Amino acid sequence: MQPNPADEQPSYSQSINELENIVRLMQSDKCDIDSLADYTRRATELLHMCRQRLTATEEQLRATLASLQQQ
């Protein structure tokens with residue numbers, strides 16, 4: 001059984017929290033150099049998801065505000 005893609009992507013808040021945790025880990029003495037590439041890859045994925053959500057939200061807000069101006 002394949003996972004549902006909606007289940008795979010965390011919410012915006014979850015993504016931000018995970019990003020903050022990754023940054024804290026990378027800044028700490030506990031950051032393993034062997035894991036640095038994995039942390040960077042995951043942070044990049046999370047940033048991409050956040051950017052997509054922000055762009056979609058902006059488009060929705062613009063459409064909503066445009067419809068209000070037409071009324």
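A salt bridge here is a side-chain nitrogen of Lys or Arg within 4 Å of a carboxyl oxygen of Asp or Glu. Side chains of opposite charge can pair when their charged atoms come close. Searching the whole structure turns up 4 salt bridges.

Before we walk through some of them, a word on the model. It is a predicted one, where local features need pLDDT of at least 70 and side-chain atom pairs count only at pLDDT 80 or more, while totals for chains, interfaces and linings use all residues. Residues are numbered from 1 along each chain as its sequence is written, and side-chain values use heavy atoms, with hydrogens and water left out.

Let's start with Glu18 and Arg42, whose side chains form a salt bridge at 2.8 Å, N to O. Glu18 sits in helix H2 (residues 12-27) and Arg42 in helix H3 (residues 36-70), so this pair ties together parts that are 24 residues apart in sequence. Helices are DSSP runs of H or I, at least four residues long, numbered from the N terminus. Glu18 has a relative accessibility of 27% and counts as partly exposed, a label for values between buried (under 20% relative accessible area) and exposed (over 50%), using a 1.4 Å probe and protein chains only. Arg42 is partly exposed too, at 23%.

Now stay in helix H3. Arg42 also makes a salt bridge with Glu45 (3.2 Å, N to O), and these two are 3 residues apart, about one helical turn. Glu45, partly exposed at 33%, pairs with Arg41 as well, at 2.8 Å, N to O. Arg41 and Glu45 are 4 residues apart in helix H3, again about one turn, and Arg41 is partly exposed at 44%.
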